[in-house]
Every structure is written in C-alpha cells, then in structure tokens.
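Please examine the model shown below, together with its sequence. The paragraphs that follow lead through its surface, cavities, backbone and charged pairs.

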Amino acid sequence: MVEPQASIEFYLHAHSRAITDINFSAHHPDILATCSVDSYVHCWDLRHPVRPAMTFCDWFAGATQVKWNRQDSHILASAHDKFLRIWDDRKGAYPLRSIKAHATKIYGVDWNRMKTNSLATCSLDKTIKFWDYDGDIDLPERVIQTPFPVWRARHTPFGFGLLAMPQRGDSDLYLYDRGSNEYEMAPDSMQMVHRFEGHKDQVKEFLWRPRGNIENSIDDREFQLVTWGADRVLRLHRLTDEVLKM
C-alpha cells in the first residue's frame with residue numbers, strides 16, 4: 001500500500017502564519033510566490049526548495065494577494081491592507097513602487113495580459129482600479145464603481161474584458177468591457193455588459209478553461225468559464241460570440 005505522503009514532492013516551510021495566496025510564474029514553471037498574514041512574500045525555486053530564493057516584507061500589514069507579472073519575469077505585485085507593492089527580484093528587498101490604492105483592504109490583484117506596467121486591483125470599498133506603476137502620481141488610470149464589495153477582479157484571456165466577483169450579497173459574476181473608451185481617463189465610463197448567473201449561493205472561485213492554440217498570429221482558442229460556489233455546484237458557462245468580441 002502506498003504511503004499517504006508518497007505523493008508529496010515538496011514541503012515549503014517559511015511562513016509563520018496562514019498562507020493567503022500562491023502564484024506560479026508564467027515564465028518559469030519552477031518558480032512560485034507565496035504570501036501570508038505574517039506580512040512576508042516568499043519566492044521559491046522548486047529546484048532548490050529548502051529555503052526561499054527571495055523574500056520581501058511589508059513590515060506593517062499582512063499580505064492578501066501575490067501575483068507575478070505576465071510580461072516581465074522579474075516583477076511581482078502584492079497587496080498589504082490598502083497598499084499595493086510592486087517588487088523587482090533584481091532590486092533587493094525594497095519595493096519598486098508603493099501605492100495607497102484603496103480606502104479598505106485589497107482582496108484582488110491581476111496583471112494586464114498585454115501591458116507590462118498595468119494591473120488591476122479590487123477592494124471591499126466597491127471599486128476596481130486600473131494602475132500604471134510607471135506613473136509619477138498615485139492616481140488610477142480608470143475606476144469602475146460597483147454596487148457590491150469586490151472580492152476578485154481579473155482580466156479575461158480574450159478581448160478587453162474584466163470579470164468581477166462580489167464578496168457578499170450576490171451570487172452572480174459581472175463582466176465589464178474595458179475596450180469602450182479604452183484610452184479615456186473618465187473614471188466611471190465602464191459599465192457592466194454581461195452577467196453570469198446560475199449559482200444559488202456566493203461564488204467562491206472562477207477560472208477560464210481554454211481550448212485551441214495561437215499559431216502564426218491566428219488566435220484559434222475557445223474559452224469556457226468555470227465557477228465554483230458555496231452551493232457546492234461546479235458550473236460551466238458557455239460564452240456567446242458577443243461576449244468573446246468584448
């Protein structure tokens with residue numbers, strides 16, 4: 001009989017309190033980052049898993065999210081209470097940029113899939129904000145005002161969409177179109193364009209299921225939205241042509 005622990009390849013032990021998020025690098029399959037209530041962000045190399053390869057710390061607030069940049073393999077972002085920290089693993093333990101992003105704790109961070117310096121954050125203050133960390137001032141490029149506290153907000157893998165998940169009081173997901181007035185600075189110009197319904201209780205997680213490839217600059221991929229809710233139901237949502245064109 002196989003031992004229960006035989007399938008465990010690594011133990012990564014460095015945090016002193018509960019881990020709140022993990023994220024693998026899109027560039028290196030052996031590299032991942034973890035963050036914790038202890039305020040530390042650890043970067044791990046699974047080829048040498050004894051200790052973190054790099055460590056960052058906020059010192060003042062625990063971390064809720066950590067995400068590697070999709071375009072630059074050296075850049076990652078973490079959320080600590082109301083603050084967004086941008087780190088560069090070539091620059092040591094001091095943040096590349098610190099932004100007071102929201103009025104309440106940040107619960108979601110997501111890098112833009114096309115722009116290296118751009119990312120989105122969301123919070124229970126009912127806003128989703130878009131940032132360019134190369135900017136000189138701590139003002140968002142755009143803001144989405146939502147009728148609900150936002151638990152997660154992530155860019156879609158197609159078009160200019162952004163999907164938002166409420167933190168409470170709503171069992172649907174909401175799709176916003178960034179493509180309309182993409183270069184305008186009007187803070188409230190983005191409206192909800194589609195609503196994914198079906199769950200009878202709060203949605204707890206969602207991801208995009210792809211099929212197909214990009215070959216010779218031709219995107220032949222199809223996507224399906226997968227959601228899991230507190231109603232203990234896993235739902236697969238079919239996307240219409242109108243949604244895919246956003």
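Which residues form a nonpolar patch on the surface? The patch consists of Ile19, Ile22 and Phe24, which together have about 290 Å² of accessible area. This is a predicted model, in which local features need pLDDT of at least 70 and side-chain atom pairs count only at pLDDT 80 or more, while totals for chains, interfaces and linings use all residues. Residues are numbered from 1 along each chain as its sequence is written, and side-chain values use heavy atoms, with hydrogens and water left out.

Patches are made of residues with over 30% relative accessible area and no salt bridge; like charges are joined within 9 Å, and nonpolar side chains (Val, Leu, Ile, Met, Phe, Trp, Tyr) within 5 Å. The accessible areas come from the Shrake-Rupley method with a 1.4 Å probe, and for residues only the protein chains shown count as cover. Ile19 is placed in strand S1, residues 19-24; strands (E, at least two residues) and helices (H or I, at least four) are DSSP runs numbered from the N terminus. Ile19 counts as partly exposed because its relative accessibility is 45%. On this scale, buried means under 20% relative accessible area and exposed over 50%, with partly exposed in between (1.4 Å probe, protein chains only).

Strand S1 also contributes to a charged pair. Asp21 and Lys67 meet through their side chains in a salt bridge, at 2.6 Å from N to O. This pair links distant parts of the chain, since Asp21 belongs to strand S1 and Lys67 to strand S5, 46 residues apart. Both partners, Asp21 and Lys67, are buried. A salt bridge requires a side-chain nitrogen of Lys or Arg within 4 Å of a carboxyl oxygen of Asp or Glu, and by this rule the count comes to eleven. Side chains of opposite charge can pair when their charged atoms come close.

The structure holds two cavities of 30 Å³ or more. A cavity is a set of points, on a 1 Å grid over the protein atoms alone, where a 1.4 Å probe fits but cannot get out; lining residues have an atom within 4 Å of a point. Grid points are joined across faces, edges and corners, and a volume is the space filled by probe spheres set on the points.

The largest cavity has a volume of about 40 Å³. Its lining is formed by Gln65, Lys67, Gly108, Val109, Asp110, Arg152, Ala153 and Arg154. Strand S5 (63-68), strand S9 (106-111) and strand S13 (150-155) each supply at least two residues of this lining. By class, the lining of the largest cavity divides into two nonpolar, two polar and four charged residues. Here Ala, Val, Leu, Ile, Met, Phe, Trp, Tyr, Cys and Pro count as nonpolar, Asp, Glu, Lys and Arg as charged, and the others, Gly among them, as polar.

The second largest cavity has a volume of about 30 Å³. Residues that line this second cavity include Asp172, Phe196, His199 and His237. Its lining comprises three nonpolar, five polar and two charged residues.

Asp172 also takes part in a salt bridge with Arg195, at 2.6 Å from N to O. Arg195 lies in strand S16 (residues 192-196) and Asp172 in the loop between strand S14 (161-166) and strand S15 (173-177), so the pair ties together parts that are 23 residues apart in sequence. Arg195 is partly exposed, at 39% relative accessible area, whereas Asp172 is buried, at 7%. Elsewhere, salt bridges that share partners join Asp30, Asp45 and Arg47 into one network. Within it, the closest N and O atoms of Asp45 and Arg47 are 2.9 Å apart. Asp45 counts as buried at 12% relative accessibility, while Arg47 is exposed at 54%.

Although not a glycine, Ser39 has a positive phi of about 85 degrees. Ser39 lies in the loop between strand S2 (31-36) and strand S3 (40-45), and at 7% relative accessibility Ser39 counts as buried. Asp81, also a residue other than glycine, has a positive phi near 55 degrees. Asp81 is found in the loop between strand S6 (75-80) and strand S7 (83-88), and counts as partly exposed at 29% relative accessibility.

Conventions
On a 1 Å grid over the protein atoms alone, a cavity is a set of points where a 1.4 Å probe fits but cannot get out, and a pocket is an open set with protein on both sides within 12 Å along at least five of seven lines; lining residues have an atom within 4 Å of a point.
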